[in-house]
Amino acid sequence: MTNFFRANVDAMASYVPGEQPKRGSQVIKLNSNENPYPPSPKALAALQNIDGEWLRRYPEPFGDQFRHAASQVLKVPSDWIIVGNGSDEILNVVMRACTEPGRKVVYPTPTYVLYRTLTEMQAADVVEIPYTQDYQLPVAELIAVDGAVTFIASPNSPSGHVVPSADLEKLASQLSGVLVIDEAYVDFAEADALALVKDYENVMIIRTLSKGYSLAGLRLGFGIAQPKLLQGLFKVKDSYNIDAIACTVATAAITDQAYKNACVAKIKASRTQLTKEFQQLGFQVWESHTNFLLVQPSQQNAAYLYQKLKEQQILIRYFPHPGLLDKLRITIGTDEQNQILVNAIKALL
Ligand code: PMP
């Protein structure tokens, strides 16, 4: 029988994203780190005002309207920004441009599982280096590998920790390959690594509108790097990778910083509250700089809790990976959702 697929694709495990229940179902969804609040009213108004003429024509290929708005907010030139169909697409574009069989892709684990999937897709060599128990970055080991691409998620998922900027700078200055600093959750952190792109031509910062801006369904992410790095990425991206609707709505959303900051403040306050509640239940809770918490129940019953909550229409994330076996990742919801979750867990213990 013909084998349709390349050997590396045949050997790949499928990437399994969090469960996405049907629209309208009465589920409390705390499994994909979505923002529990609606998008900015200005973004929704922009959506209402989409002109049919913009849809008749192909969109502007580089998302210039969004790049201009983001450049004002972030204080970087607009030609240092690449826009994509979610930040996942930017990660994919980096991989398509920079990796091939025989090149190494390296990252500390546990982290975002997509890095492995993308590496396997390219048939490049996966090099995974474990974090220490207390999530210290294995800097020397990462530098020793000097991959074609090094991925660091900061804040990281599922741990929620931020990588110290001194560690990131050591990597930036000593790696010859591309250092991708994935800041998908940066809106919930106190520090960011954006300044590094100005000093290092091998650094790329990745951001998204899926988390802080409540626009996961819109699919808009972006990368920031010096033009020398971006020009190679532009060669391999799809010609029209961001549609006219996404570009328009995202532009309105990123311009409305006050609304995003207010949502983020509410989520951080809920994060503090939920941390206390879990600690009172005797759970170990990792300090989070994101919109989720990594927790370890006291009685090693993470899988049981995940399953029982699911039966009650409360979705959280259980990672059956070595080293993560007994932990749960729980997105911060509204205070009302968080309370329902805590009460459900109390009833199950
Ligand atoms: N990076 C990390 C670390 C993430 O957790 C996610 C969300 N699953 C992404 C990137 C991708 O986000 P998006 O494609 O929605 O921008």
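Let me begin with conventions. Residues are numbered from 1 along each chain as its sequence is written. Because this is a predicted model, local features need pLDDT of at least 70 and side-chain atom pairs count only at pLDDT 80 or more, while totals for chains, interfaces and linings use all residues.

As to confidence, pLDDT is the predictor's own confidence in each residue, on a scale from 0 to 100. The protein chain averages a pLDDT of 95, and 98% of the residues score at least 70. The model scores are ipTM 0.99 and pTM 0.96.

I turn to the overall architecture. The protein chain is divided into domain 1, made of 7–38 + 258–348, and domain 2, covering 51–256; these bounds come from an automatic or database domain assignment. Taken over C-alpha atoms, the centres of domain 1 and domain 2 are separated by 24 Å. Their contact takes 30 residues from domain 1 and 25 residues from domain 2, where contact requires C-beta atoms, placed from the backbone, to lie within 7 Å.

Which elements give two or more residues to the side of domain 1 that touches domain 2? They are α1 (7–11), α12 (257–280) and β10 (292–296); helices here are DSSP runs of H or I with at least four residues, strands are runs of E with at least two, and both are numbered from the N terminus. Helix α12 gives the most, with 7 residues. By class, this side of domain 1 divides into 16 nonpolar, 9 polar and 5 charged residues. In this scheme Ala, Val, Leu, Ile, Met, Phe, Trp, Tyr, Cys and Pro count as nonpolar, Asp, Glu, Lys and Arg as charged, and the others, Gly among them, as polar.

Next, the sheets. An open sheet of 7 strands has the order β2-β8-β7-β6-β5-β3-β4, and its pairing is mixed; two strands pair if DSSP finds at least two bridges between them. At the edges lie β2 (81–84) and β4 (125–130), each pairing on one side only. Neighbouring strands of this sheet are turned by 20° against each other on average, direction ignored. Strand β3, residues 104–109, runs parallel to β4 and is joined to β4 by 6 bridges; Val106 has Val127 of β4 as its bridge partner.

Helix α4, residues 64–74, touches β2 and β8 (221–224), and its direction makes about 125° with that of β2. Helix α8, residues 165–174, touches β5 (149–153), β6 (178–182) and β7 (203–208), at about 155° to the direction of β6. Such angles run from 0 to 180 degrees between N-to-C directions, with axes as lines fitted to C-alpha atoms, for helices over the stretch in contact.

A further open sheet has 4 strands in the order β9-β10-β13-β12, with antiparallel pairing. Its edge strands are β9 (284–285) and β12 (317–318). Strand β13, residues 328–331, pairs with β12 over 2 bridges in the antiparallel sense, and Tyr318 has Leu328 of β13 as its bridge partner. Helix α12 lies across β9 and β10, running at about 10° to β10.

What surrounds the ligand? The shell consists of Gly86, Ser87, Asp88, Tyr112, Ala153, Ser157, Asp182, Ala184, Thr208, Ser210, Ala216 and Gly221, each with its C-beta atom, placed from the backbone, within 6 Å of the ligand. This shell has 4 nonpolar, 6 polar and 2 charged residues.

Finally, the backbone. Ser154 and Pro155 are joined by a cis peptide bond with omega about 0°, and Ser157 and Pro158 by a cis peptide bond with omega about 10°. Asp146, in the loop between α7 (139–145) and β5, has a positive phi near 45° and is a residue other than glycine.

Key: Contact = placed C-beta atoms within 7 Å.
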